[in-house]
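Start with the display, then read on by topic.

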Amino acid sequence: MGKTVIVANWKSNMELAEADTWLRKFHDASGKVAFSEKEVIICPPFTVMAFLAEWIKKSGLPISLGAQNLSPFPKGAYTGEVSAEQVSEIASYVLIGHSERRKYFHEDDQMLQNKVDMALASGLQSIFCVQGVEDSIPKGVVHVAYEPVFAIGTGEPDSPENAGSTARSIKETFGVHTVLYGGSVTAANVHSFTSTEDIHGVLVGSASLDPEVFSSIVANA
Ligand code: PGA
């Protein structure tokens with residue numbers, strides 16, 4: 001990830017027809033984007049992942065796919081779970097440790113370590129989300145997203161100064177390679193984060209659902 005990284009987290013949004021419209025509009029809107037300098041990663045729900053993969057292949061759109069989650073277990077008798085082997089067939093990245101998963105699905109440090117281990121064994125790159133240096137980061141994590149909970153979906157981002165110094169502390173404490181910032185990123189504020197030392201990119205929730213807005217975020221990053 002030497003390029004500026006822009007991750008879209010669609011969460012539990014987007015049905016097939018909406019994903020189709022999103023891709024068409026993003027494709028049209030992003031004609032002037034210098035993709036050689038940007039790594040764009042879309043994290044859709046599993047239900048539309050194969051559709052996106054096919055669309056990307058056909059259109060040649062230079063974007064990668066990431067999963068929003070994966071099973072902490074290997075493949076087998078784990079009803080309802082999607083294993084790292086399955087995810088790695090179709091995606092290159094996976095989000096692990098998002099605050100919504102910690103809060104609503106009670107994912108603890110051991111489970112997060114297991115997920116990171118599964119991702120590593122299947123060649124998936126995990127993007128591990130933390131609140132700050134107080135969270136532990138499992139061994140094997142290379143990419144981290146600093147996502148303060150007060151900034152997620154609130155329209156109140158952290159300041160670039162604080163995000164930058166937290167990113168630096170995370171790198172120094174855990175020896176990770178890449179730190180992204182996430183939380184109320186918009187087309188207007190994205191550059192203030194990506195131009196900050198120690199921040200390598202952004203993770204975008206709500207603003208990634210609009211293809212034109214997301215295209216501007218990618219262009220401005
Ligand atoms: P937001 O979400 O951009 O809507 O604040 C970010 C995230 O949860 O990853």
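## Ligand site

In this predicted model, a polar side-chain atom of His 98 sits 2.7 Å from an oxygen atom of the ligand. Gly 153 also comes to 2.7 Å from a ligand oxygen atom, here through a backbone N or O atom. Glu 147 uses its side chain: one of its N or O atoms is 2.9 Å from an oxygen atom of the ligand.

How many residues surround the ligand? There are 13. The closest are Lys 11, His 98, Gly 153, Ser 184 and Ser 206.

## Glu 100 and Lys 11

Lys 11, one of the closest residues to the ligand, also has a protein partner. Its side chain makes a polar contact with the side chain of Glu 100, at 2.8 Å. Glu 100 belongs to helix α4. Is Glu 100 buried, partly exposed or exposed? Its relative accessibility is 26%, so Glu 100 counts as partly exposed.

Beyond four places in sequence, Glu 100 touches Lys 11, Phe 105 and Ile 152.

## The barrel

The strands form a closed barrel of 8. The order is β1-β2-β3-β4-β5-β6-β7-β8, and the pairing is parallel. On average, neighbouring strands are turned by 25 degrees against each other, direction ignored.

β1 and β8 run parallel and are joined by 4 bridges. On that side, Val 7 stands opposite Leu 203 of β8. β7 (residues 178–182) also runs parallel to β8, with 3 bridges joining them. There, Tyr 181 stands opposite Val 202. Which residues of β8 point which way? Gly 201 and Leu 203 point one way, Val 202 and Val 204 the other, and all are buried.

β3 (residues 64–67) pairs with β4 (residues 93–96) in the parallel sense, over 2 bridges. Ala 67 stands opposite Val 94 in β4.

## Helices across the strands

Helix α5 (residues 109–121) lies across β4 and β5 (125–130). Its direction is at about 175 degrees to β4. Helix α8 (residues 211–220) lies across β1 (4–9), β2 (38–43) and β8 (201–204). Its direction is at about 150 degrees to β2.

## Nonpolar cores

Nonpolar side chains tend to be buried together in soluble globular proteins. Here, the largest nonpolar core holds 56 residues. Ile 6, Trp 10, Ile 42, Leu 70 and Phe 214 touch the most other members. Helix α2 (residues 46–59) gives the most to this core, with 5 residues.

What does Phe 214 touch, beyond four places in sequence? The list is Ile 6, Ala 8, Trp 22, Phe 26, Val 40, Ile 42, Val 204, Ala 207 and Ser 208.

## Ser 64, a buried polar residue

Ser 64 is found in strand β3. Its relative accessible area is 19%, and buried means under 20%, so Ser 64 is buried. Its side chain makes a polar contact with the side chain of Glu 39, at 3.4 Å. Leaving aside neighbours within four places in sequence, Ser 64 is in contact with Glu 39, Val 40, Ile 41, Ile 42 and Tyr 93.

Most residues other than glycine have a negative phi. His 106 has a positive phi, near 55 degrees. Asp 198 has a positive phi too, of about 80 degrees, although it is not a glycine.

Where do these residues lie? His 106 is in the loop between α4 (99–104) and α5. Asp 198 is in the loop between α7 (190–194) and β8. Asp 198, at 17% relative accessibility, counts as buried.

Note on methods
Residues numbered from 1 in each chain as written. Predicted model: local features only at pLDDT ≥ 70, side-chain atom pairs only at ≥ 80, totals over all residues. Heavy atoms only, no water. Core = buried A, V, L, I, M, F, W, Y, C linked by side-chain atoms within 4.5 Å. Buried < 20%, exposed > 50% of the residue type's maximum accessible area, 1.4 Å probe, protein only. Contact = heavy atoms within 4.5 Å. Pairing = 2+ DSSP bridges. Axes fitted to C-alpha atoms, helices over the stretch in contact; angles between N-to-C directions. Near = heavy atom within 4 Å. Polar contact = N/O pair within 3.5 Å; in protein donor to acceptor, adjacent residues only side chain to side chain.
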